Amino acid sequence: QSSVDSLTSEPNSIMSVPVGDHYTMEDFARAYFREAQSMQGLKGMSAEKKSVSDLVRHTKVPIQESLLRYSDSDLNELATNNFKTLMQFMGDQSKLKKQNEVECIYEILQLCKEKESLHDEIYCQVIKQVTHNPNQESVQRGWLLLHLLTGYFLPSNILMPYATKFLQLAGSDPSSTHYDIAKICQSNLRKNFMYGGRRHLPFPVEIEALLKGHSARRLTILMPGEVEYLTRIKAFTVAKELLQEICEQMGAHEQEEMQEFVLFAIRSSSNNLGKPIRSEEYLHDYLLEDKLVTVTLRRLIWRTPLHFENKIYIDVHYGQMLGDYLNGRILLSHTKEMEMQVGILAMLQHWAKTEQQNSAPSREELKEYTPNTLQSSVRPQALENHIAMLLRTRQPLQPVDAKIQFIENVMKLPFFGYNTYSVERVSNDTIPVPCFFGVNKDEIIVVDGTTQEVSHVIPLKELQKMRTLRPVSDGGLPGIELNYGSAASPKTMWLELPQAKEMYHMLVAILDKTEL
């Protein structure tokens with residue numbers, strides 16, 4: 001006899017099944033249901049077929065044994081108890097006094113999380129209870145549970161084609177009341193197979209919203225340049241889908257360019273860029289119940305050429321470059337032309353503001369337009385003289401043109417494209433500190449804090465391993481340890497900096513995006 005213990009192997013790649021009579025739930029029940037196996041040979045074929053058909057149909061009474069055969073009696077007991085919880089949630093049995101619907105769902109999902117060997121059993125139980133169920137409200141609740149199951153947990157490779165066929169059949173009739181939810185379940189299962197399911201079980205507030213029929217959650221994405229993008233995400237929306245939606249709104253339609261943007265999740269108490277959300281990760285795995293997480297967008301890689309036909313696109317790129325420039329993330333070379341560069345970029349910032357085309361910036365405004373790291377080294381009077389000369393020799397620009405010219409000027413800076421971090425201590429004695437570490441799509445560079453000469457280069461393809469380090473003392477700085485080089489010549493370097501975690505996450509995001 002077949003045993004369910006063999007059904008817990010890894011899922012295979014059967015995500016679409018042949019059209020026809022194969023892979024029905026009746027076929028699965030005939031081969032693997034405990035009761036069907038005991039029937040075989042005892043009745044005629046028509047009687048057996050009728051009985052097997054009944055095994056995958058809704059029942060008003062709780063099952064006394066698991067649908068699938070388990071050699072472990074504890075699993076059998078967990079399965080029968082789960083069926084009672086399922087019936088209580090669907091309204092087929094009265095709930096316990098202090099039990100509510102959210103607790104029923106959570107109990108079932110928690111069991112799936114703890115006992116992978118019960119995934120098939122629970123799938124079969126829910127499918128059974130939504131099949132030929134005369135109570136429409138009960139059916140809707142069963143499908144809601146399938147919606148969650150398909151997004152969180154995969155069936156085994158044995159059940160997968162049968163579960164897929166069940167969902168395909170259920171989603172083949174547009175007049176059916178569960179047509180839409182069946183299509184969503186198919187999509188969930190496909191995503192689950194490709195990316196893995198959601199890591200964290202839903203918060204009660206999310207389950208309550210689903211029970212009320214609210215399948216989407218409002219989310220505001222904070223983009224550079226104080227641009228806010230309002231959207232709605234579903235329970236199993238992955239970052240890749242949201243990135244594509246935002247990029248299309250910005251006019252970035254090419255897949256190659258879309259992949260250069262990253263979403264970050266930032267806790268409201270944090271001062272750094274936050275943690276990058278990988279393209280295949282579920283957004284809900286980063287969102288907290290108390291809404292203390294903000295999702296932001298950032299361009300991480302600058303491989304594809306920029307284009308300026310879309311206003312949102314221009315505002316987002318201008319906003320990111322302006323923020324990085326003013327906060328010292330983009331280094332300017334310490335040359336005699338630096339004050340002129342700062343002057344040009346200050347003038348373009350001034351013109352980028354509406355109604356400022358015909359006025360000269362005040363000394364206070366010039367200070368706002370100058371990077372924090374340069375305010376002690378740039379002479380205010382020299383800067384004012386540069387601005388006065390620019391006003392005499394250049395025609396004022398409209399804000400959109402000023403933003404485009406600012407972007408083009410910043411892109412010409414020698415360290416553009418590097419995410420730069422100020423480092424206080426380094427294990428390598430030949431590197432004078434403080435210094436700067438820059439990270440881009442190809443390499444990590446070490447830049448001298450005084451001369452701004454590049455002293456060391458670590459190609460990212462040579463990076464073998466890295467980890468964050470806790471401060472070695474109270475009031476000390478966190479750090480990063482980098483292991484790089486070849487197997488024949490391995491090297492290690494550690495560095496201490498206030499933004500160690502941010503630099504680590506930035507490296508992770510770049511390595512992920514560039515597939516290094």
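Two strands count as paired if DSSP finds at least two bridges between them. Strands are DSSP runs of E with at least two residues, helices are runs of H or I with at least four, and both are numbered from the N terminus. By that rule, strand 1 and strand 5 are a parallel pair with two bridges. This is a predicted model, in which local features need pLDDT of at least 70, side-chain atom pairs count only at pLDDT 80 or more, and totals for chains, interfaces and linings use all residues. Residues are numbered from 1 along each chain as its sequence is written, and side-chain values use heavy atoms, with hydrogens and water left out.

Start with the domains. Their bounds come from an automatic or database domain assignment. The protein splits into domain 1 (25–204), domain 2 (216–299), domain 3 (316–411) and domain 4 (419–515).

Five strands make an open sheet in the order 2-1-5-3-4, with mixed pairing. Strand 2 (227–234) and strand 4 (275–277) are the edge strands, each pairing on one side only. On average, neighbouring strands here are turned by 40° against each other, direction ignored. Axes are lines fitted to C-alpha atoms, for helices over the stretch in contact, and angles run from 0 to 180 degrees between N-to-C directions.

What is the sense of pairing between strand 3 and strand 5? Strand 3 and strand 5 are antiparallel, over seven bridges. Ile-266 faces Thr-294 of strand 5. Six of the seven residues of strand 5 are buried, so strand 5 is largely enclosed by the rest of the structure. Buried means under 20% relative accessible area, exposed over 50%, and partly exposed in between (1.4 Å probe, protein chains only). Helix 11 (residues 239–250) lies across strand 1 (216–223), strand 2, strand 3, strand 4 and strand 5 (293–299), at about 115° to strand 3.

The C-alpha centres of domain 2 and domain 3 are 30 Å apart. Contact means heavy atoms within 4.5 Å. 10 residues of domain 2 are in contact with six residues of domain 3. Buried area is the accessible area (1.4 Å probe) that two parts lose on being put together, summed over both. For domain 2 and domain 3 this area is about 670 Å², with 58% from carbon and sulfur atoms. Pro-224, Arg-298 and Arg-299 supply 60% of the area that domain 2 buries against domain 3, more than any other three residues.

Charged pairs come next. A salt bridge is a side-chain nitrogen of Lys or Arg within 4 Å of a carboxyl oxygen of Asp or Glu. The whole structure has 21 salt bridges. One salt bridge is counted between domain 2 and domain 3. Arg-298 and Asp-324 meet in a salt bridge at 2.6 Å, N to O. Arg-299 forms a salt bridge with Glu-260, with the closest N and O atoms 2.7 Å apart. Arg-299 lies in strand 5 and Glu-260 in the loop between helix 12 (255–258) and strand 3, so the pair ties together parts that are 39 residues apart in sequence. Buried or exposed? Arg-299 is buried, with a relative accessible area of 2%. Glu-260 counts as buried too, at 2% relative accessibility.

Four strands form an open antiparallel sheet in the order 7-13-12-11. Strand 7 (425–426) and strand 11 (463–469) are at the edges with a single partner strand each, so one side of each has no neighbour in the sheet. Strand 7 pairs with strand 13 (residues 490–496) in the antiparallel sense, over two bridges. Val-426 has Leu-495 of strand 13 as its bridge partner. Helix 18 (residues 500–514) packs on this sheet and touches strand 11, strand 12 (479–485) and strand 13, with its direction at about 150° to that of strand 11.

Two hairpins follow. Strand 8 (residues 435–439) and strand 9 form a hairpin with three residues between them, and their antiparallel pairing spans five bridges. Strand 9 and strand 10 form a hairpin with five residues between them, where Gln-452 in the turn has a positive phi of about 60°. Ile-444 stands opposite Ile-458 in strand 10. Five of the six residues of strand 9 (residues 443–448) are buried, so strand 9 is largely enclosed by the rest of the structure.
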